[in-house]
Amino acid sequence: MKNFLLIKNSDKDREYCVTNQIRRYIAEAGGATWMVERSLEEMREPLEVPKGCDCIMVLGGDGSILRTERAVYPSEIPLVGVNLGNLGFLTQTEPEDVTRLLDHLLQDDIRLEKRMMLQGTMYHEGEQIYQDIALNDIVVSRSGLSRIIRLRIHVNGELLNVYDADGVVISTPTGSTAYNLSAGGPVVCPRTNLLVVTPISPHSFSARSVILSEEDVLRIELEPVRTAREEAAATFDGQTGRSMMPSDVIEICRSPHDANLVRLRHSSFYEVLRNKMQ
């Protein structure tokens with residue numbers, strides 16, 4: 001790899017110390033860099049990747065990786081992150097080790113990990129009203145003054161369960177360490193391909209996470225509840241969302257395109273998990 005698109009972060013790298021260090025190091029090695037002038041918060045429209053770009057380097061935390069992946073989708077160009085955030089499950093290195101990461105990148109001494117993504121399509125009275133993608137998760141949850149919501153979930157046309165709950169998280173393996181984990185779901189090796197269904201604060205002791213095949217298609221319907229005002233929303237990676245009304249439906253399946261994350265050959269998900277989870 002020689003040519004890199006840098007996604008700067010004005011909030012976490014205020015004087016661009018890390019950004020400028022990366023640019024100088026790549027230039028001295030005979031490589032080239034481009035800079036995205038928009039901030040991550042402004043990255044609502046698709047991002048045009050320069051021709052000849054080998055890799056996108058993101059400065060920030062996991063949220064920055066998620067925003068960038070959404071902006072370049074459906075391109076599967078490799079992404080690598082320098083952690084300027086907190087947990088950093090998706091990023092590859094800390095700022096103090098960035099030159100070591102650059103050495104591996106410039107020498108092509110890396111491996112690429114395909115990460116499955118989700119696609120969600122929303123329907124109102126049978127008509128499609130919204131579609132979006134997610135690398136971590138798609139969450140259907142209560143909003144506003146709603147006390148609980150009732151979600152009827154089918155898998156490939158067969159009823160899975162009806163949850164009276166605060167909501168449900170549909171997670172990829174990559175997203176298993178995000179909201180899914182907070183809701184009590186399992187940690188899943190990100191190199192696998194499957195879906196995790198985890199209810200959020202279910203009103204039942206028997207409600208547990210369910211693991212599904214990557215080929216399964218979920219259909220989630222927001223059912224009317226007489227004792228409460230149904231106010232719900234579907235959110236995608238916590239980045240975008242759409243409100244739902246009673247009887248609205250969202251269908252969730254594996255996206256036709258994957259994310260492509262750069263990993264150092266010696267890096268281990270389990271080591272990261274031990275360190276981050278202490």
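Two strands pair if DSSP finds at least two bridges between them. Strands are DSSP runs of E with at least two residues and helices are runs of H or I with at least four, numbered from the N terminus. This is a predicted model, in which local features need pLDDT of at least 70 and side-chain atom pairs count only at pLDDT 80 or more, while totals for chains, interfaces and linings use all residues. Residues are numbered from 1 along each chain as its sequence is written, and side-chain values use heavy atoms, with hydrogens and water left out.

**View A. Strands 14 and 17 run antiparallel.**
Strand 14 covers residues 218–223 and strand 17 covers residues 249–254, and four bridges join them. Opposite Val-249 of strand 17 stands Glu-221.

**View C. The largest nonpolar core has 27 residues.**
A nonpolar core is a set of buried Ala, Val, Leu, Ile, Met, Phe, Trp, Tyr and Cys residues joined through side-chain atoms within 4.5 Å; buried means under 20% relative accessible area, exposed over 50%, and partly exposed in between, with a 1.4 Å probe and protein chains only. Ile-170, Leu-218, Ile-220 and Ile-250 touch the most other members. Strand 9 (residues 149–155) supplies the largest share, four residues. Beyond its neighbours within four places in sequence, Ile-170 has contacts (heavy atoms within 4.5 Å) that include Leu-118, Asn-136, Leu-195 and Ile-252.

**View D. Pro-202 sits in a loop between two strands.**
The loop lies between strand 12 (194–200) and strand 13 (210–213). Pro-202 has a relative accessible area of 26%, so Pro-202 is partly exposed. Not counting residues up to four places away in sequence, Pro-202 touches Asp-164, Ala-165 and Ala-207. Arg-150 is 52 residues from Pro-202 in sequence and 9.8 Å away in space, C-alpha to C-alpha.

**View E. The largest pocket is lined by 25 residues.**
On a 1 Å grid over the protein atoms alone, a pocket is an open set of points where a 1.4 Å probe fits, with protein on both sides within 12 Å along at least five of seven lines; lining residues have an atom within 4 Å of a point. Thr-91, Gln-92, Thr-93, Ser-267 and Val-272 lie nearest the pocket's centre. Helix 5 gives the most to the lining, with five residues.
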